[in-house]
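Me: Please take a close look at one part of this model. I want the helix packing, step by step.

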Amino acid sequence: MIDQHLFKLAGAGSILKKLAVLEVLQAFLIIGQALSLSAVLTTLWQGKKLNWQYLLIFIVCLTGRQLIDLLKDKMLETYSSQEVEKLRQQLLNKIFKSGQSLVQSQGTGSLITMALYGIDEVRDYIKLIYTKVLAMMIIPILLFIAMLFINWQSALGLLLMYPLIVLFMIILGYAAKDRASKQFGDFQKLSNNFIDSLRGIDTLKYLGLSKRYSKSIFRVSEDFRHKTMAVLKVAMLSTFALDFFTTLSIAVVAVYLGFGLLNGQLPLYPALSILILAPEYFLPIRNFASDYHATLNGKNAFKRINELISRPMQASADLAIEPWNSKSELKLENLEFNYNNQTEIGPVSVEIKGYEKVGIIGMSGSGKSTLINLLSGFLPPKSGKIIIDGQKAATLNIPAWHQQMLYIPQNPYVFTASLRENIAFYTPEASDAEIMKAIHVVSLDELVSELPEGLDTIIGQGKRVLSGGQAQRIALARAFLDKTRKVMLFDEPTAHLDIETEVDLKKQMLPLMENRLVIFATHRLHWLKEMDYILVMHEGKLVQQGTFDELTKEAGYFTKLTQEMRGTKNV
Ligand SMILES: Nc1ncnc2c1ncn2[C@@H]1O[C@H](COP(=O)(O)OP(=O)(O)OP(=O)(O)O)[C@@H](O)[C@H]1O
């Protein structure tokens, strides 16, 4: 019913001990409040003077109770906020460290939901469970003992109802739990679906499919609504059942006490004390039950977040590798990778040296991006050997390797930040003159002159949006500014540019590629002539490798591929 991880949070033991002490104190105050109020009412009933002493005790107990509630709230607010912040940090670390593999497997929407709403729900979950469970474990026991001393028959009567209530709560709790986890699953599906449709809104609009897609969102939302209603139905049913049973047992005890009073077998004071204590005796369990359903989302979110945090991290190798230089070597031996145990990529065996320019060519889906991702260390190989700088490594997920890499993907990300910050991404210390030079090299001068605040204009999502080609030129300008990183990984860096712009840009890019290791995946054949060595990919396999001249002389797949490409593409 309650996630055990909750009690394993740092500092849980200490705060639970403090809360337990406060609950015990509160139980005594409840007893004091009931006894003093009964004493005041009894003396008034007997026609005597108002007993100020008992009234004062009553006021002190009542005020003390409220103050303890306030104190508990404050302690829990501070504690839960601290703990969820740590949890959020751990989750974000996991997301950032795992990178694209985690985002791809979980979905962006689901991860956003988890890091924002999920974490907030965990905060409520911690607060509710910590106080309510303790109150339920401590207060009824102490009140029961007090009632045993006041009138043991009534105390036993009230006790009899307890197992029935607990049993009922367990049954309904299980029913609600099942429904709530389905509801949470739907919530994640809805988030992914929504983000997905927002991202693809242009395509949907152009294809005239936005209405059909909005129906699919409507269907998922409706599913979510039905599942939420199912949870609420069980929640209401259990609250009703609990209220019914507790009210019934209090009524039975009240009738019993009433007869005792009428027969003169029971004095007013104990009868009144029991009557005041009886609802307090059931209050903690009622509070727990009424909030239990509200905490189910928190429980599901907490479970999912813990699962994500404890997912094994992609292996990384903390090798101290030298900055890449003209003598450096990278050897891949039978490197293999597969997506979800299905699509096989590899085996790839290749030796890359110094400042070579290595082209990767192949049809769409042949595995070029996957090979680039393996070389960048963003994906972990399934098997094979990597030898970098004479050192063996199971993966290229090596911090020292990343620090020397310039990576330009097919769709470079433009951050919502100023144009200056976006361009000086690798080199925040770059001067405006250097940035302007980089802008000129990648032919972005026109864009800068159009922007109202020049380099200070905020670009990216929600601000001035750039075209695909402009985003790629920003990525190239970033690379241009950095003189220290010696490894360049290009994944079709000019895919969004028209051929004229590309030819212009190529002139600027070629000097940039000098004295660097360049790995360049491309569809465009004219780049291949600039490469020292070419890897030819076909259906996930490295089918040929060699220099441009060697490959053109061989009657292999490369010749067929280039012929096909010449027939369809500009070269
Ligand atoms: N995240 C993924 N999950 C499952 N399969 C994937 C994933 N990414 C790529 N694939 C599959 O792996 C194969 C190689 O894809 P990859 O993106 O490496 O090809 P590519 O040559 O770069 O294609 P393109 O030129 O179109 O970018 C394809 O069959 C693709 O469907």
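Predicted model: local features only at pLDDT ≥ 70, side-chain atom pairs only at ≥ 80, totals over all residues.

Reply: Start with helix 4, which runs over residues 108–199. Helix 2 covers residues 52–98 and packs against helix 4. Their axes lie 9 Å apart, at an angle of about 150°. Angles over 145 degrees count as roughly antiparallel, so helix 2 is roughly antiparallel to helix 4. The crossing of helix 2 past helix 4 is right-handed.

Which residues of helix 2 and helix 4 make the contact? Helix 2 supplies Lys-72, Leu-76, Ser-80, Ser-81, Glu-83, Val-84, Leu-87, Arg-88, Leu-91, Leu-92 and Ile-95. Helix 4 supplies Leu-111, Met-114, Ala-115, Ile-119, Val-122, Arg-123, Ile-126, Lys-127, Tyr-130 and Thr-131. By class, this contact of helix 2 with helix 4 holds 13 nonpolar, three polar and five charged residues.

Helix 4 has another partner in helix 6, residues 210–262. The axes of helix 4 and helix 6 come within 9 Å and cross at roughly 170°. Helix 4 is therefore roughly antiparallel to helix 6. Their contact has 29 nonpolar, ten polar and six charged residues.

Now set the annotation beside these helices. An unreviewed UniProt entry places "transmembrane region" features at residues 21–45, 51–68, 133–150, 156–176 and 234–259. Take residues 51–68: the span is 94% helix and 0% strand. Its end C-alpha atoms lie 26 Å apart. Residues 156–176 are 100% helix and 0% strand. Here the end C-alpha atoms are 31 Å apart.

Next, the ligand. Among the residues around the ligand are Gln-104, Tyr-339, Asn-340 and Thr-343. Others in that list include Gly-362, Ser-364, Gly-365, Ser-366, Gly-367, Lys-368, Ser-369 and Thr-370. Helix 8, residues 368–376, gives the most to this shell, with three residues. By class, the shell has one nonpolar, ten polar and one charged residues.

Helix 11 spans residues 432–441, and helix 13 spans residues 468–481. Their axes come within 9 Å and cross at roughly 130°. Helix 11 and helix 13 are therefore oblique to each other. Helix 11 passes helix 13 in a right-handed crossing. On the helix 11 side, the contact uses Glu-434, Ile-435, Ala-438, Ile-439 and Val-441. On the helix 13 side, it uses Ala-477, Phe-480 and Leu-481. Seven of the contact residues are nonpolar, none is polar and one is charged.

Methods. Residues numbered from 1 in each chain as written. UniProt positions renumbered as here; feature names shortened; annotations may be inferred. Helix = DSSP H or I, 4+ residues; strand = E, 2+ residues; numbered from the N terminus. Axes fitted to C-alpha atoms, helices over the stretch in contact; angles between N-to-C directions. Parallel < 35°, antiparallel > 145°, perpendicular 65-115°, else oblique. Left-handed = near helix turned anticlockwise from the far one by under 90°. Contact = placed C-beta atoms within 7 Å. Nonpolar A, V, L, I, M, F, W, Y, C, P; charged D, E, K, R; others polar. Near = placed C-beta within 6 Å.
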